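Please examine the structure shown here together with the briefing that follows. The notes are grouped by topic.

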Amino acid sequence: MKPSAFEYFTASTVAEAISLLERYEDEAKIIAGGQSLVPMMNFRVAQPEVLIDINGIKELDYIRQEDDEIVIGALTRERDLELSPLVQEKCPILAEAISLIGHASIRTRGTIGGSLVHADPAAEIPLTIYGLDAKMKVVGPSGERTLEPEEFFLSYLTTSLEPLEILVEVRIPVLPQKTGWSFVELTRRRGDFYIVAVASILFMEKGGVCKEARICLGGVGPTSIRAEEAEEILAGQVITDELIEKAGQKAAEAADPESDYHASAEYRRDMTRVFVQRGLAEARNRAKGG
Amino acid sequence: MSKESDDRREVKVLTREKLDLRQLVKAPEVGPSVVGRSIVRTDAMLKVTGRLDFGADYLQDGFLHGKILRSSHPHALIKSINTKKAKELPGVAAVLTAESVPGRNGFGAIIPDQPVICGDKVRFVGDAVALVAAETEKIAHQALELIEVEYDPLPPVFDPREALKEDAPKIHEKGNLLSYNKLRKGDMEKGFAQADVILERTYQVPFLDHAYLEPDICMAIPKADGTMLVEGPMQAPFTVRRNVNAVLGVPINKVRVRQIPMGGGFGGKEDSPIDLGCRAAVLAYHTRRPVRIALEREEITLQTSKRHPMIMQIKIGAKKDGTLVAFEGVIYDEQGAYASMGPVIPPAGGSHIHAMVMMPGPYEIPNVKVDAYLCYTNHPYGGAMRGFGAPQVHVAHEQIMDELAEALNINPIDIRRKNGFREDSATATGQVLEQSVGLHDTLEVCTRAFDWDRRYQETGYVDEGKTKRRGIGIGLGWYRTSIGTNNDACGANVYVHEDGSVLLYTGITEMGQGSFTVLPQICAEELGVRMEDVRLVQPDTDVVPESGPTVGSRSTTLMGNAIILAARQVKESILEMASEMLMVPMDRLESRDRRIYDRDNSGKSLEFREVAARCMAKGKRLIGQGWWAPPPPTLDPETGQGNPYFVYTYSTHMAEVVVDMETGEVEVTDYVAAFDVGKAINPKAVEGQIEGGVAMGLGYALMEEVALEGGYIQNLNLKNYLIPTSLDVPDIEPIIVEVENRFGPYGAKGIGEMPNLPATPAILNAIANACGGRVRTLPADPERVFWAIKEAERAVR
Amino acid sequence: MERHRITLKINGESHLFEVESRETLLQVLRDRLDLTGAKEGCGRGECGACTVLINGRPINACLVLAVAVQDQDILTIEGLSDGDTLHPLQKSFVERGAIQCGFCTPGMILTAKGFLDKTPGPTEAEVRRNLVGNFCRCTGYTKIVEAILDTSEA
């Protein structure tokens with residue numbers, strides 16, 4: 001099926017994009033890589049009347065380090081992030097998570113901004129962002145504001161972006177050396193969308209003590225979930241197998257999965273436990289430099 | 001001896017004389033042989049450059065676009081249909097309902113029980129309630145949205161066992177039992193009395209989608225002379241023609257069907273082109289314009305045939321040493337809404353009876369009883385899918401053999417060595433396998449190549465963390481060549497021209513399997529010309545002899561024989577003429593590599609083409625027509641005893657898997673598959689069939705399933721209907737074994753469907769070997785394996 | 001109806017079109033230029049049959065709007081061979097028997113080209129990982145992987 005007809009504009013600056021949004025308001029939708037939007041349009045799940053193409057906003061395609069932050073333009077392609085030496089070194093969990101998205105041709109076209117704004121609870125980037133103290137910079141007619149993941153993601157396919165706002169940048173604190181991290185996921189078919197995914201980050205202090213842990217769960221609720229009680233079990237501790245075991249169990253309690261034909265809620269919950277435990281063990285090894 | 005078996009012997013003898021090629025093979029080698037070589041596919045250049053036009057690549061100028069309004073309910077009466085608004089939409093050429101069908105409002109491969117357009121009731125959500133033709137696809141879509149249909153929902157039935165109950169809602173007038181078949185051999189009571197171990201198990205398999213990559217498409221073009229031309233990718237042009245002519249109410253010769261390149265079929269493009277052909281033709285009939293119907297991926301999943309789901313119950317008895325003594329099986333075979341290829345075509349045609357015959361596996365068992373029920377439900381309908389009832393029962397018999405081996409503490413290969421078919425074994429239907437039984441050859445060669453004995457000792461955890469376990473599994477398989485009906489003939493025409501070039505006409509279609517390469521190979525070999533001298537004509541019912549459908553792994557063998565017979569008629573002319581020209585007796589002449597030689601004096605020869613030119617000039621026959629039908633099948637409807645299929649292909653598969661004991665994830669890490677194919681006409685093409693078949697069997701084992709909820713399919717697209725990718729399929733080692741089939745061209749027998757049958761249970765057996773849990777309801781996705789592991793752990797405790 | 005005049009660089013040649021905004025690159029290639037080597041198998045970027053190279057990278061042509069890829073270098077299967085002289089990948093696919101129905105073949109070859117150009121001498125595992133977005137229902141991938149490995153060694 002072809003998409004229904006729409007008007008198409010290209011914006012070459014953020015200001016242009018916003019003024020187009022102002023002109024068309026609810027009728028308009030932003031298109032970046034289009035890897036989620038075009039299939040929705042092909043099958044008429046989405047039928048925007050106006051499409052604003054921001055692929056021409058070159059100023060939004062960058063990866064750089066500013067002080068202790070990796071700063072990423074919203075239009076940066078997933079494939080570029082995956083292969084970026086800077087990202088691989090300073091925020092390796094993001095590169096790893098992105099390498100698990102769909103397949104290479106999707107990542108070549110898809111952008112980080114597009115994935116965040118689409119807010120699919122079974123997507124790798126939003127899940128990772130949850131654990132990273134990332135800040136989303138959005139710009140609208142009345143200026144810019146900065147949102148944290150908890151503020152940005154509202155629910156299934158829904159963000160707190162206002163109709164006239166666009167996401168322009170993501171700022172992610174550089175992970176300190178020796179930070180433990182992992183991104184692990186369970187799929188029905190290898191390399192496919194996940195049933196359960198876990199992003200783990202262990203911030204370490206001297207003596208092998210975990211200062212703070214971040215455990216983000218995907219596939220077990222309408223948005224990604226932080227397993228806070230599980231994180232607390234690990235904070236301030238030398239991480240032992242026993243603690244990992246406990247944290248996994250706690251995290252499984254935090255999961256709020258539903259059953260569908262891919263997997264039952266019960267299985268998803270138990271897999272949350274397994275993957276949190278595996279993820280934490282992997283993160284601990286990395287923290288040890290292993 | 002009965003008359004029937006006399007007839008059979010007569011055919012056999014005749015065939016043997018006609019087809020025994022051994023003499024030729026022994027002749028002095030005066031040129032390269034064409035058969036037995038991995039000649040590059042004739043369509044490879046076009047495919048690799050993107051220049052081969054599939055249906056969707058054809059020009060669309062002047063075509064109307066046909067669309068189908070499908071049912072909103074799995075089972076309902078149609079109260080009213082209002083097409084007024086749709087008809088008024090500018091650009092709409094026709095909106096048709098049931099009364100618009102000019103002839104018979106029904107189609108089907110065997111029984112025409114599926115309405116072209118439903119009039120009074122709908123039986124599944126893929127049913128058509130109206131057809132639209134419009135100037136553009138977009139307008140056609142809009143028109144569908146403007147059609148108003150009122151339904152009166154009926155209670156639906158989704159389980160074949162429920163469908164059999166007396167108070168079940170009736171899906172068709174005649175009731176929900178489409179076919180009941182039985183097989184009776186020996187004495188069950190006596191058999192089980194001899195058993196030291198008796199096991200009872202139930203296995204269950206879901207609907208599967210073919211998921212061929214090329215979406216279905218069909219074009220119907222009304223010609224000025226009143227002929228309706230139907231074109232599309234299809235496996236069975238003659239079946240399409242038989243349906244279209246009845247639906248239009250015109251004689252057969254008023255319908256012309258042409259097969260165009262086909263991007264995969266796997267049995268699925270046997271049914272759907274009938275469906276689309278009839279519907280496009282009816283639209284073309286009313287609009288008097290060419291109409292194309294191109295299905296989108298989601299529509300394919302909704303509307304087209306599937307592999308039948310089955311519930312299979314088995315009770316099996318064996319002695320301590322593993323000798324099988326009794327087998328009792330029950331099959332609840334779910335047909336879905338329409339008959340398609342489920343019902344029996346006497347004596348042994350149709351997928352259901354095939355499943356029944358195959359159910360006890362390639363094993364000698366003295367006492368066998370099978371009851372098989374084929375039931376309508378309000379689900380999509382089951383058709384042919386690579387194996388036609390056999391993949392399902394392989395899942396059952398190969399798993400229970402392993403379960404039995406485990407109960408008896410016997411190595412899984414030994415129980416198969418003990419019971420597997422050999423020459424002169426009698427099958428469950430009492431058929432004595434007189435020739436070409438290579439089962440044990442494949443078993444032994446596979447055992448060595450896979451290094452089974454060593455690996456069998458080395459299963460267990462593969463990682464330090466003790467989360468992953470390795471296991472190995474075996475699956476034997478057998479599969480018929482031919483379809484088991486008395487209507488299984490193939491015809492071929494061979495035209496030799498004065499320059500020695502050849503046209504080959506057959507109705508066998510190409511869907512990727514390689515027939516358009518293998519059939520010319522046979523033709524070239526028999527005439528003694530080169531491969532490049534033969535051009536195969538695209539199947540066209542106006543031009544080629546009736547060949548039946550491209551199904552049942554029958555093409556190479558049945559059509560190969562027909563081609564040989566056709567080519568021999570021409571070769572006879574050529575040799576006669578050459579005999580005159582060379583003044584050498586005909587029986588000393590040999591045609592090979594474009595020359596006619598004197599076998600006793602190879603310096604004395606003529607070019608094939610100069611002899612052909614002389615024949616032409618003298619009015620000597622240069623056109624041959626060959627027909628070949630297999631020995632007539634037999635099967636007693638009361639006892640299921642007889643010779644249903646004339647020859648079988650045999651194989652052994654061995655798989656290694658690694659199972660994650662915490663998550664149930666399975667990775668297939670190694671694979672060897674050995675096949676007795678009689679003779680590999682084109683070894684590389686045979687390997688391709690094996691590798692592709694294994695991948696499909698792997699999908700059946702691990703991930704594929706049409707997920708249904710209340711009659712509605714939940715996974716309509718390839719994002720959710722999972723098929724194996726390059727990461728799921730391991731490197732596969734194919735092994736070809738040749739145990740000559742004396743009814744086959746150069747000894748060949750069928751290979752197309754076979755390779756996916758043993759793959760599924762080989763992988764399931766490997767999973768069980770690795771993790772101790774057995775998945776008896778497919779697919780063995782991570783969650784099912786996970787629960788099987790849990791169940792096994794509970795059993796140990 | 002919204003129409004745009006755009007220039008697309010396809011197989012080394014520039015083409016000027018007037019397109020509707022909603023037309024995908026796949027539709028423009030197939031319907032306007034009769035470059036039908038890119039196939040539509042699913043329409044949602046799952047099967048990979050429509051893969052073309054944009055600036056050397058494999059992209060599902062069904063998932064990009066034609067208006068969005070102006071002035072970028074687009075390579076389709078028709079532009080890969082030099083007349084009747086096949087590209088080494090095409091040659092290898094033919095020789096290895098990596099083709100059955102052929103519907104996935106153009107996309108498969110272009111994905112392999114995009115990958116090999118960036119990753120010479122890959123391992124089998126890398127080849128398999130990079131083919132994951134190109135479905136083949138016929139071959140079981142074995143001969144396709146072999147064909148690609150052959151090419152990279154040549």
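**Overview of the model**

Chain B contains 21 helices and 29 strands, where helices (H or I, at least four residues) and strands (E, at least two) are DSSP runs numbered from the N terminus. This is a predicted model, in which local features need pLDDT of at least 70 and side-chain atom pairs count only at pLDDT 80 or more, while totals for chains, interfaces and linings use all residues. Residues are numbered from 1 along each chain as its sequence is written, and chains are lettered from A and ligands numbered from 1 in the order in which they are written.

**Chain B as a whole**

- The C-alpha atoms of chain B occupy a box of roughly 85 × 75 × 55 Å along the principal axes.
- Of the 797 residues in chain B, 62% are buried, that is, 20 or more other C-beta atoms, placed from the backbone, lie within 10 Å of the residue's own.

**Contact between chains C and B**

- In chain C, 41 residues are in contact with 45 residues of chain B; contact requires C-beta atoms, placed from the backbone, within 7 Å.
- Helix 2 (88-96), helix 3 (105-118), helix 4 (124-130) and helix 5 (142-153) of chain C each give two or more residues to the side that touches chain B.

**Domains of chain A**

- Chain A comprises domain 1 (7-53), domain 2 (58-173) and domain 3 (180-287), with bounds from an automatic or database domain assignment.
- The centres of domain 1 and domain 2 of chain A, taken over C-alpha atoms, are 18 Å apart.
- Between these domains of chain A, 14 residues of domain 1 are in contact with 17 residues of domain 2.
- Helix 1 (residues 14-24) of chain A supplies five residues, the largest share of the side of domain 1 that touches domain 2.

Conventions
Two residues are in contact if their C-beta atoms, placed from the backbone, lie within 7 Å. A residue is buried if 20 or more other C-beta atoms lie within 10 Å of its own, exposed if 12 or fewer, and partly exposed in between; C-beta atoms are placed from the backbone.
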